[in-house]
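Please read the numbered points alongside the sequence and structure.

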Amino acid sequence: MVVGVNRKISAASARAHTRRAKQNSSFQLPAGIFKTALVALFIGLLAWAYQVIQPPPSKICGSPDGPPVTGPRIKLRDGRHLAYKEHGVPKDNAQHKIVFVHGVDSCRHDAVVAETMSSETVKDLRIYVVSFDRPGYGESDPNPKRTVKSMASDIEELADQLGLGHRFYVIGFSMGGQVIWSCLKYIPHRIAGAALLAPVVNYWWTGIPANLSSQAYSQQLLQDQWAVRVSHYTPWLTYFWNTQKWFPGLSVMAQSSDCLSDQDKELIPTILKGRPLVGQVRQQGEFETVYRDMNVGFGTWEFSPLALENPFPNNEASVHVWQGDDDRMVPVLLQRYIAEQLPWIRYHEIPGAGHLFPHADGMCETIVKALLADG
């Protein structure tokens with residue numbers, strides 16, 4: 001017979017027993033380690049994100065790992081090199097000297113004005129043309145500090161080192177046409193005449209009505225709207241946005257034909273046939289070429305072209321803007337408005353023409369003759 005023993009257990013003993021049971025049955029992390037792990041994870045994600053959005057370093061021409069230098073270059077005051085190419089009659093025999101500024105995703109070899117004019121016109125009018133690689137393109141050193149104003153300074157230094165004289169003509173195409181506004185702002189005393197061919201318009205220039213800017217902006221391809229918006233508001237994301245695989249980036253970089261007019265598509269075979277050295281365009285890297293163009297061109301400018309006063313009040317030179325009315329890249333609506341606000345501009349609108357109209361037969365001869373006739 002088993003006799004039971006009644007034992008009374010105090011409440012304090014019961015609680016102590018329960019705590020010991022819980023401690024023995026579960027594992028507890030040291031105090032603060034979970035918070036430390038979260039901080040470490042967050043820092044790791046930031047470091048990864050930073051690496052992802054950073055563009056690769058440029059492969060500088062002439063450096064041990066960079067492309068070779070194959071053409072003439074000048075050395076600028078800040079130590080950078082600017083590559084150039086001469087066309088037409090020798091400059092010592094020239095009556096008219098022109099500096100040509102190439103567009104986006106192009107280089108000094110894409111000097112449409114020099115390449116499409118007839119040799120007879122060049123000789124008869126004694127025309128000399130120099131084209132150059134804008135910073136980062138072709139064989140010109142990148143300029144991480146590039147601004148709207150620095151491009152005008154580069155052009156002035158190029159003209160001085162090549163001995164083009166006190167005054168010279170400037171012609172720019174597309175993004176190169178946009179550069180001409182900076183010449184009119186900062187070095188008008190050096191300009192004998194200027195022609196802007198389908199110059200890119202910055203939607204955020206002051207003086208453009210918001211409703212008009214929005215209307216023109218909405219006419220662009222959706223992928224280009226996003227790419228331009230990123231370059232304006234978050235320029236540090238421009239490279240990442242245009243190289244990530246989830247959403248389409250800038251159509252020009254993707255070489256999409258969706259942004260081309262019917263006339264542009266007809267001109268493409270001729271353009272491609274005349275670009276044997278196209279591989280030189282981005283050989284130093286994409287960021288300091290196309291994406292730097294976007295950040296500067298669509299960034300916040302130090303001035304607005306719409307606020308410019310006539311740089312040639314005594315008619316000592318003229319400024320011409322040429323624009324196709326079927327341009328799918330640069331909205332004609334904005335170009336018309338700018339020309340209306342600047343009555344000293346000689347505006348030429350070409351019916352049925354797209355963005356690539358300078359490559360059409362005889363077009364550049366018409367452009368150059370109009371410019372020189374007023375010079």
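1. There are 2 cavities of 30 Å³ or more. A cavity is a set of points, on a 1 Å grid over the protein atoms alone, where a 1.4 Å probe fits but cannot get out; lining residues have an atom within 4 Å of a point. Points are joined across faces, edges and corners, and a volume is the space filled by probe spheres set on them.

2. The model is predicted: local features need pLDDT of at least 70, side-chain atom pairs count only at pLDDT 80 or more, and totals for chains, interfaces and linings use all residues. Residues are numbered from 1 along each chain as its sequence is written, and side-chain values use heavy atoms, leaving out hydrogens and water.

3. The largest cavity has a volume of about 110 Å³. Two or more lining residues come from each of α5 (148-162), α6 (175-186) and α11 (287-297), and α6 gives the most, with 4 residues. Helices (H or I, at least four residues) and strands (E, at least two) are DSSP runs, numbered from the N terminus.

4. The lining of the largest cavity includes Arg134, Arg146, Asp293 and Trp301. By class it has 6 nonpolar, 3 polar and 3 charged residues. Here Ala, Val, Leu, Ile, Met, Phe, Trp, Tyr, Cys and Pro count as nonpolar, Asp, Glu, Lys and Arg as charged, and the others, Gly among them, as polar.

5. The second largest cavity, of about 30 Å³, is lined by Trp181, Val321, Gln335, Ile338, Ala339, Ile345 and Tyr347. Its lining has 6 nonpolar residues, 1 polar and no charged. The largest share, 3 residues, comes from α12.

Technical notes
On a 1 Å grid over the protein atoms alone, a cavity is a set of points where a 1.4 Å probe fits but cannot get out, and a pocket is an open set with protein on both sides within 12 Å along at least five of seven lines; lining residues have an atom within 4 Å of a point.
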